[in-house]
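User: I would like to learn how to read the overall features of a model like this one. Could you take me through them in order, giving the general idea before the case at hand?

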Amino acid sequence: KANSFGFLTLVNIAVIFSVLSITDFKILGTFWLPVLTVNIVALIAMFLVSYLVGKLLGISKYMSVATGIACMFGFPGTYVIPGEVAKSITKTPEEYDFVFNNLYPRMLISGFVNVTILSVLIAGILVKFI
């Protein structure tokens, strides 16, 4: 009712950029190789696991991989990307609704499951180092 989704998304992105504003190229230069390596390994692992789980559940390989890769997007991405995909491949409002309503719940749940379960597991491991 408040119509504040766009504002809250902007605030969420502003937090990310505020952290980036205190970094310099020297700091970023030391992290690019480990970050790139972890992202590539994670992408390959998500692709393989999503493909295998999709085969077990009878989901198409494209949908299962897209759902698995959505774990890397986070919330704003899991909301925006299905709408953009639906907009780019459809011509009528009925087609848009069909594509969006098939993509959006899967992407959103994928992002929430990743954030909820993975965050709890990582926090459980890292709390021992505090």
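Analyst: Helices (H or I, at least four residues) and strands (E, at least two) are DSSP runs, numbered from the N terminus. With that in hand, the elements of the protein chain run α-α-α-α-α from the N terminus on. This is a predicted model, in which local features need pLDDT of at least 70 and side-chain atom pairs count only at pLDDT 80 or more, while totals for chains, interfaces and linings use all residues. Residues are numbered from 1 along each chain as its sequence is written, and side-chain values use heavy atoms, with hydrogens and water left out.

User: Which residues of helix H3 are buried, and what covers them?

Analyst: Buried means under 20% relative accessible area, exposed over 50%, and partly exposed in between (1.4 Å probe, protein chains only). In helix H3, residues 61-69, the buried ones are Met 63, Ser 64, Val 65, Thr 67, Gly 68 and Ile 69. Their cover includes helix H2 (25-57) and helix H5 (93-126), where contact means heavy atoms within 4.5 Å. Across the protein chain, buried residues make up 19% of the 130 residues.
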